[in-house]
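Welcome, and please open the structure in your viewer. We will go from stop to stop, with something to select at each one.

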Amino acid sequence: MLNAQSKDVHQCDSGWVPVYVDQEKSISLMSIGFLLEHPDDAVVWRGPKKNALIKQFASDVAWGDLDFLIVDTPPGTSDEHIATVDALRPFNPMGALLVTTPQAVSVGDVRRELTFCKKTGLRVIGIVENMSGYVCPHCTECTNIFSKGGGEELARLSGVPFLGCVPLDPLLSQSLEQGKDFVQEFPNSAAYPAISSIARQILDMASPRS
């Protein structure tokens with residue numbers, strides 16, 4: 001998605017140097033994928049080894065001065081999530097952004113993640129409903145293929161902010177597959193206003209903290 005699959009990680013006095021996505025070094029990136037000998041290798045590690053690497057990513061990477069540190073985790077409430085929360089707790093994290101799709105199975109997973117956040121004392125920034133309808137690339141009509149409103153209803157019942165819906169947009173998928181900047185490439189797409197609105201709400205929440 002960030003077109004960084006061929007980059008290497010190097011060592012410095014402060015630890016690992018993250019991979020920089022652009023010439024201006026405005027986005028730095030760290031992934032276990034950079035540490036594998038071959039890109040198709042599976043990471044077959046038990047919990048303690050994975051948890052140790054998560055802590056290293058938080059404390060042993062020379063991140064420098066950051067505006068935001070974003071940690072992308074898979075769905076669920078596993079050891080990795082607990083290790084991530086514990087590793088970031090000393091830095092007073094802003095909170096968790098939970099992403100669901102409209103279907104009941106996905107909403108159920110996120111409901112458990114809400115419980116996880118409550119038990120670990122992690123603030124929930126809000127909920128986003130992804131894949132919320134399909135936007136036709138020809139007529140721009142939005143069709144609710146799966147369903148709609150599951151994320152918004154969950155947010156309402158849980159008392160957390162609902163930040164918006166992001167539709168299935170072929171242009172967004174194309175950008176992710178080709179490593180292009182979606183915001184710059186397709187400002188007139190159907191997904192752009194939704195993504196822009198969600199980002200603005202998060203920035204507004206972060207302003208008082210900064």
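How are α3 and α4 oriented to each other? Keep in mind that this is a predicted model, and select helix α3 (residues 104-120) together with helix α4 (residues 150-158). Angles under 35 degrees count as roughly parallel, so α3 and α4 are roughly parallel to each other. The crossing of α3 with α4 is right-handed.

Now show the side chains where these helices meet. On the α3 side, pick Val107, Val110, Arg111 and Leu114; on the α4 side, Gly150, Gly151, Leu154 and Ser158. By type, the residues of this contact are 4 nonpolar, 3 polar and 1 charged.

Next, turn to the sheet. Its 3 strands are ordered β5-β6-β9, and the pairing is parallel in this open sheet. Select β5 (96-100) and β9 (162-165): they are the edge strands, each with a single partner strand, so one side of each has no neighbour in the sheet. On average, neighbouring strands are turned by 20° against each other, direction ignored.

Zoom in on β6 (residues 124-129), which pairs with β9 over 3 bridges. Here Ile127 has Phe162 in β9 as its bridge partner.

Bring the helices back into view. α3 packs on the sheet, where it touches β5 and β6, and its direction makes about 165° with that of β5. α4 lies across β5, β6 and β9, at about 155° to β6.

Last stop: helix α5 (residues 170-178). At its start, a side-chain oxygen of Asp169 comes within 2.9 Å of the backbone nitrogen of Leu171. After α5 comes Gly179, with a positive phi near 70°.

Conventions: Residues numbered from 1 in each chain as written. Predicted model: local features only at pLDDT ≥ 70, side-chain atom pairs only at ≥ 80, totals over all residues. Heavy atoms only, no water. Axes fitted to C-alpha atoms, helices over the stretch in contact; angles between N-to-C directions. Helix = DSSP H or I, 4+ residues; strand = E, 2+ residues; numbered from the N terminus. Parallel < 35°, antiparallel > 145°, perpendicular 65-115°, else oblique. Left-handed = near helix turned anticlockwise from the far one by under 90°. Contact = heavy atoms within 4.5 Å. Nonpolar A, V, L, I, M, F, W, Y, C, P; charged D, E, K, R; others polar. Polar contact = N/O pair within 3.5 Å; in protein donor to acceptor, adjacent residues only side chain to side chain. Pairing = 2+ DSSP bridges.
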